[in-house]
Amino acid sequence: MALQALIFDVDGTLANTERDGHLVAFNLAFKELGLDWVWSNELYHKLLDVTGGQLRIKHYVNNYLPEFKTDDLDAFALSLHQLKTKIYVRIVDEGAMPLRPGVTRLFQEARAAGLRMAIATTTTPANVVALISNTLGEEALGWFEVIGAGDVVPNLKPAGDIYSYVLDQMNLDASECIAFEDSRNGIVSATHANLKTIITVNEYTDTHDFTGAVVILNNLGELNQPFEMIEGNPTESTFVDVAYLQELHAQHC
Ligand code: XBP
Ligand code: MG
């Protein structure tokens, strides 16, 4: 089957949102609520094993703060997370979150080639809207046929729910699509939905196990800024364009 659609993760894949956005927003939210919690970059690296901001907060309380007392941890995590989301959106609205190399170019080339596009992410829907509209303009939200985000599905990544949901909505078979991810939880999720995945690593994920990836790259690359291939079949391509996607799709899907 021919390649029909591209499905993109958001955090860490489209932009370095974890380091420059989510971590900053979590710490600002803690401060605003008078909590003396500070998540270092090193600690956040570990906490990222837990997907979903609310679950991450609860994991932190349960595993790092044995003394912390609250009557209702779910309600506490929910309201803390709502504040964190507000702060995150403000950071993105301030224009502090550029897309990673090659992302804008690939979106434009894929659209020109008639490939369908969608998003499959764990993050809160408002965060996706903020990132896309602030980096590409509000009209770019319409480039994505489906924006599958947050708790629209019962189980977050690494479960395959979000990718299966997007495939269902698009009425596509996994073999007609390629997923783009940056993390172990992400590729496990895509693989559960039978998708083949291209990985672009970042500082939090470059040591992850990406078994089954069609290729592992440092980023998508640009014409004058070639990607670095970490693992994959040799290719003439130096940046990820539609021709290279078709080559990978023919080899792997
Ligand atoms: C992203 C996540 C999210 C973000 C924070 O994972 O796990 O929790 O870290 O966003 P992926 P929220 O890139 O695999 O989708 O606080 O809105 O959850
Ligand atoms: Mg990610």
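**Loops, sheet, metal site and pockets of the predicted model**

Pro-158 is placed in the loop between β3 and α7 (161-170). In this predicted model, the peptide bond that joins Lys-157 to Pro-158 is cis, with an omega of about 15 degrees. Two asparagines in other loops also deserve a look. Asn-171 lies in the loop between α7 and β4 and has a positive phi of about 55 degrees, although it is not a glycine. Its relative accessible area is 71%, so Asn-171 is exposed. Asn-194 is found in the loop between α8 and β5; here too phi is positive, at about 70 degrees, in a residue that is not a glycine. With a relative accessibility of 62%, Asn-194 counts as exposed because the cut-off for that class is over 50%.

Turning to the sheet, seven strands form an open arrangement in the order β3-β2-β1-β4-β5-β6-β7, and their pairing is mixed. The edges are formed by β3 (146-149) and β7 (229-231), each of which pairs on one side only. On average, neighbouring strands of this sheet are turned by 25 degrees against each other, with direction ignored.

On one flank, β1 runs parallel to β2 (residues 116-121), and four bridges join the two. Another four bridges join β1 to β4, again with the strands running parallel. Ile-7 shows both contacts: its bridge partner in β2 is Ala-118, and its bridge partner in β4 is Ala-179. The parallel pattern continues from β4 to β5 (residues 196-200), a pair connected over four bridges. Within that pair, Glu-181 has Ile-199 of β5 as its bridge partner.

Strand β4 (residues 177-181) is largely enclosed by the rest of the structure, because five of its five residues are buried. Cys-177, Ala-179 and Glu-181 point one way from β4, whereas Ile-178 and Phe-180 point the other way, and all of them are buried.

The metal site comes next. The magnesium ion (ligand 2) is coordinated at 2.1 to 2.2 Å by Asp-9 (OD), Asp-11 (O) and Asp-182 (OD). Along the sequence, these donor residues follow the spacing D-x1-D-x170-D. Asp-9 has a relative accessibility of 4% and therefore counts as buried, the limit being under 20%. Asp-11 is buried as well, with a relative accessible area of 11%.

The largest pocket holds about 720 Å³ of space. It is lined by 42 residues, of which Thr-51, Gly-52, Gly-53, Thr-122 and Thr-123 are the closest to its centre. Several helices take part in this lining: α1 (17-32), α3 (53-64), α4 (73-93), α6 (125-136) and α8 (184-192) each supply at least two residues. The most comes from α4, which gives five residues to the lining of the largest pocket. By class, the residues lining this pocket divide into 23 polar, 11 charged and eight nonpolar.

Rolling a probe the size of a water molecule over the atoms shows where empty space is left. The count comes to two cavities of 30 Å³ or more. The largest cavity has about 50 Å³ of space, and its lining consists of Phe-8, Thr-13, Leu-14, Arg-100, Pro-101, Val-103, Phe-180, Thr-200, Asn-219 and Leu-220. Six of these lining residues are nonpolar, three are polar and one is charged.

Terms used
Residues numbered from 1 in each chain as written. Chains lettered and ligands numbered in written order. Predicted model: local features only at pLDDT ≥ 70, side-chain atom pairs only at ≥ 80, totals over all residues. Heavy atoms only, no water. Donors = N, O, S within 2.8 Å, 3.2 Å for Na, K, Ca; no water. Buried < 20%, exposed > 50% of the residue type's maximum accessible area, 1.4 Å probe, protein only. Pairing = 2+ DSSP bridges. Axes fitted to C-alpha atoms, helices over the stretch in contact; angles between N-to-C directions. 1 Å grid on protein atoms, 1.4 Å probe; cavity = no way out; pocket = protein on both sides within 12 Å on 5 of 7 lines; lining within 4 Å. Points joined across faces, edges and corners; volume = space filled by probe spheres on them. Nonpolar A, V, L, I, M, F, W, Y, C, P; charged D, E, K, R; others polar.
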